[in-house]
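Trainee: Please pick a single part and take a close look at it with me. I would like one connected walk-through.

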Amino acid sequence: MKEAVASATRILAPLFVLGWMAVSVFPIYYIAVTSLKTQADYLKPPPWGFPTRWTLENYSAVLESGFLHYFFNSVLVATTVAIASVALSLLAAYGVVRSPSGVFRVGLYLFALGFAVPAQATVIALYALVRSVGLYDTLGAIILPLTGFAMPVTVIVFSNFLREIPPALFEAMAIEGAGHWTILRHLVLPLSLRAILSMALFNFIGAWNALLFPLILTESPEVRVLPMAVWAFTGQFGINVPAVMAAVTLSALPLIIAYVFARREILNALRGGLV
Amino acid sequence: MLRGTMRDRGLLFLYSLPLFFYGFTVLLPILGTLLLSFYRWDGISNREWIGLANWGRLLGDEHFFHALRISFAFTLAAWVIQTPLALGLGIYFARRGFFRQVAAFFAFLPLLFSSTAVGIIWLYILDPNLGILYYIPPLRSLNPLSESSALVTLALVTSWQFIPFHTLLYQAAYQGIPHELYEAAYLDGAGEWDAFWHITLPLLRPTIITSSFIIVVGSLTYFDLIWVMTQGGPGYATTNLPVYLYRLAFQSQNVGYGATVGAFLALLALGLSWLLIGRSGVLGRRWS
């Protein structure tokens with residue numbers, strides 16, 4: 001009986017995975033093919049059919065509606081968040097690992113607190129804070145909290161990583177008179193480059209896809225980032241669904257290209273140091 | 001290392017920089033949420049200290065308890081759908097083989113889309129008039145975003161989005177299990193079924209806990225996709241706690257009371273982390 005289940009699983013597994021593959025890919029096929037249809041073609045059944053006339057007019061409509069501006073806003077936000085969160089977290093992790101006592105230990109608990117409390121719970125106070133310091137409706141209003149909320153997991157991953165470096169290496173450098181900056185630059189940085197890149201990419205993707213902070217902390221089109229822009233397009237283009245699909249496709253394109261060319265790195269980053 | 005850690009000014013300076021930044025951007029909003037829960041405030045005029053009145057209101061607010069139930073129902077559905085599928089797919093993709101590699105390449109694609117994009121894509125795919133449901137006879141007359149089915153639809157779409165992530169976790173964990181364990185078991189006459197129950201599952205336990213922790217906290221506080229697809233509707237059918245607090249604070253100007261719901265959500269997530277983190281292998285090691 002048990003062996004019957006095992007062999008049935010062995011036979012059915014590839015079929016199931018094939019079905020799952022179709023479920024994973026269909027929506028992506030759907031947006032790509034819809035974005036290349038005219039509006040008239042979109043209304044013709046079936047929804048997954050090829051267009052009778054292939055067209056790029058939806059892409060030009062999206063590009064003419066300020067897409068590039070929103071794209072660069074997103075690049076700016078996600079890049080700044082990635083660099084700032086990784087730099088700050090590396091300093092914090094270095095402090096925790098080099099001196100796991102007193103202030104440093106309390107600090108680690110504070111980062112653990114930020115890891116457990118979801119950002120969604122704090123948005124009202126965050127909104128009030130951002131208003132009171134005059135940052136409302138700026139890109140800074142998105143960058144600062146995204147960086148802060150990216151720190152807990154980054155600090156934890158980095159601390160784990162730095163603990164693996166033999167303490168003797170730190171001590172040897174310290175005995176030779178190296179200061180903390182020198183140790184960071186010539187020992188920590190080279191050894192943890194992979195972890196740094198991975199977490200930078202993880203935080204970049206998180207910031208690139210974030211909706212809630214931009215939704216509550218900005219309003220003008222000048223500071224719109226991609227998720228907000230794509231959502232705004234659904235209202236702006238209304239029934240022009242192919243144009244909406246072109247906007248969705250364009251917003252996901254950078255990550256898809258990166259995935260095709262650097263699958264291993266992207267998947268490592270997406271795990272967020274959790275393995 | 002031992003020479004006066006507390007007196008190491010350089011180190012303290014290095015450490016204070018990230019801590020200050022973190023304090024202002026994360027700890028201050030957390031504290032602020034708790035503090036605002038003791039005020040009546042519409043977001044514009046002056047705040048008025050009202051003590052525990054907001055917390056009292058919470059206890060008698062049927063919309064709050066409804067949102068709490070929605071949060072838990074959504075979380076339960078997300079866990080039940082995602083865990084077995086991700087576990088199975090993770091193990092499948094962990095082994096070598098051309099088909100497995102190709103299938104894995106495509107199965108991880110949903111990870112690359114933002115929640116906003118995922119929500120918009122599925123809104124159009126599931127559209128009752130122009131979507132694909134019409135072509136699937138048993139689902140022809142179904143409206144996936146009606147009051148009775150919207151929450152299930154959201155849980156399914158969320159699962160579509162996040163199963164690849166959990167599959168990644170299981171794949172890596174499974175690859176870490178030594179082959180010798182299986183070889184030894186088969187030599188002793190165990191079948192594949194026994195090996196799965198007595199080797200694979202026990203050894204994946206820490207990953208199951210980590211993955212479950214992420215699903216639970218993530219789903220209880222999920223906002224983006226729900227906001228894009230239903231905005232908490234129809235009515236209150238998909239209003240979970242984060243959507244409820246958003247509606248309170250940013251749509252009906254109940255900022256103080258919204259912060260109370262936020263503080264409750266923060267305490268709930270803290271409690272759950274307390275319960276789950278200690279048992280989790282991967283996360284547990286972090287604080288040991």
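**A close look at chain B**

Mentor: Start with the contacts inside chain B. Take those with a separation of 6 or more: 72% of them join residues 24 or more positions apart. Keep in mind that this is a predicted model.

Now the elements. Chain B holds twelve helices and two strands. Follow the sequence and the order is α-β-β-α-α-α-α-α-α-α-α-α-α-α.

Next, the overall extent. Along the principal axes, the C-alpha atoms of chain B fill a box of roughly 75 × 75 × 30 Å. Chain B has 288 residues, and 42% of them are buried.

Now turn to the partner. Chain B touches chain A, and the contact takes 79 residues from chain B and 79 residues from chain A. On the chain B side, helix α1 (residues 9-36) gives the most, with 19 residues. Sort that side of chain B by class: 60 residues are nonpolar, 15 are polar and four are charged.

Finally, glance across at chain A. Its domain assignment gives domain 1 (2-55) and domain 2 (67-270). The C-alpha centres of these two domains of chain A lie 33 Å apart. Their contact takes seven residues from domain 1 of chain A and seven residues from domain 2 of chain A. On the domain 1 side, α1 (2-35) and α2 (39-43) of chain A each supply at least two residues. There α1(A) gives the most, with four residues. By class, that side of domain 1 of chain A has three nonpolar residues, three polar and one charged.

Methods
Residues are numbered from 1 along each chain as its sequence is written. Chains are lettered from A and ligands numbered from 1 in the order in which they are written. This is a predicted model: local features need pLDDT of at least 70, side-chain atom pairs count only at pLDDT 80 or more; totals for chains, interfaces and linings use all residues. A residue is buried if 20 or more other C-beta atoms lie within 10 Å of its own, exposed if 12 or fewer, and partly exposed in between; C-beta atoms are placed from the backbone. Two residues are in contact if their C-beta atoms, placed from the backbone, lie within 7 Å. Ala, Val, Leu, Ile, Met, Phe, Trp, Tyr, Cys and Pro count as nonpolar, Asp, Glu, Lys and Arg as charged, and the others, Gly among them, as polar. Domain bounds come from an automatic or database domain assignment.
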